Amino acid sequence: MLLPGCVCALIPQLHTRTRLLVILPADEAKKPTNTGRLAALCTDNSQVLVRGRQDEPLDLGFLAEHNALVLCPDETATVIERIASPVTLVVPDGSWRQASKIPRREPMLRDLPRVKLPPLSSQLPVLRRETKDNGLATFVAIAHALGILEDPAIEQSLLAFYGVVAERILRARQGQPG
């Protein structure tokens, strides 16, 4: 039996060449508005790792064997472009502050190339207050990145699903049925 507002049956099952690795802080993993974990459920080539759990160090050693990029919109990042060979897209998740610290604090991420999205105008609902201009939900950023690396159809499928999820969450916050 599905709960009212449940989106489980709507989760797209997309195949990607790009391996998606979402890294989230332990406290972010508990939040119902975490969209990085949700994005990982939509693709068959994804993994979620939680950083900051006591006695569970993050093992990123496998990245040395992969063509990996970190989606991290800082001043050193270059605009993401389509790449012929498969890549691992590492996406730090959490609040802007949390996500920006992950690549600096994880030794395996420090020297990986950093990429950012081109300027976007998004008309999608916002689940959390954005603290940065042009800030995006992690899910939305992943959708746009996969649209560039893979296929715009993947991006559109992800964004359509995100729109449904966001609408239901916002309705639930207002006490309306899902």
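Mentor: A salt bridge is a side-chain nitrogen of Lys or Arg within 4 Å of a carboxyl oxygen of Asp or Glu. Keep in mind that this model is predicted.

Trainee: Why is the pair Arg51 and Glu106 called a salt bridge?

Mentor: Their side chains meet at 2.6 Å, N to O. The cut-off is 4 Å, so the pair qualifies. The pair also links distant parts of the chain. Arg51 sits in strand β2, Glu106 in the loop between α2 and α3, 55 residues apart.

Trainee: What makes Glu106 buried or exposed?

Mentor: Its relative accessible area is 9%. Buried means under 20%, so Glu106 is buried. Arg51 has 21%. That value falls between 20% and 50%, so Arg51 is partly exposed.

Trainee: How many salt bridges does the structure hold?

Mentor: Two. Asp74 and Arg114 also meet in one, at 2.9 Å, N to O. Asp74 lies in the loop between β3 and β4, and Arg114 in strand β6, so the pair ties together parts 40 residues apart in sequence.

Trainee: How do you know whether Asp74 is buried or exposed?

Mentor: Asp74 has a relative accessible area of 18%. The limit is under 20%, so Asp74 counts as buried. Arg114, at 15%, is buried by that rule.

Trainee: What makes β2 and β4 edge strands?

Mentor: The open sheet runs β2-β1-β5-β3-β6-β4, with parallel pairing. β2 and β4 each have a single partner strand, so one side of each lacks a neighbour in the sheet.

Trainee: How do you know that β1 and β2 pair?

Mentor: Pairing needs at least two bridges, and β1 and β2 have six, so they pair. Leu24, for one, has Val50 in β2 as its bridge partner.

Definitions and conventions: Residues numbered from 1 in each chain as written. Predicted model: local features only at pLDDT ≥ 70, side-chain atom pairs only at ≥ 80, totals over all residues. Heavy atoms only, no water. Helix = DSSP H or I, 4+ residues; strand = E, 2+ residues; numbered from the N terminus. Buried < 20%, exposed > 50% of the residue type's maximum accessible area, 1.4 Å probe, protein only.
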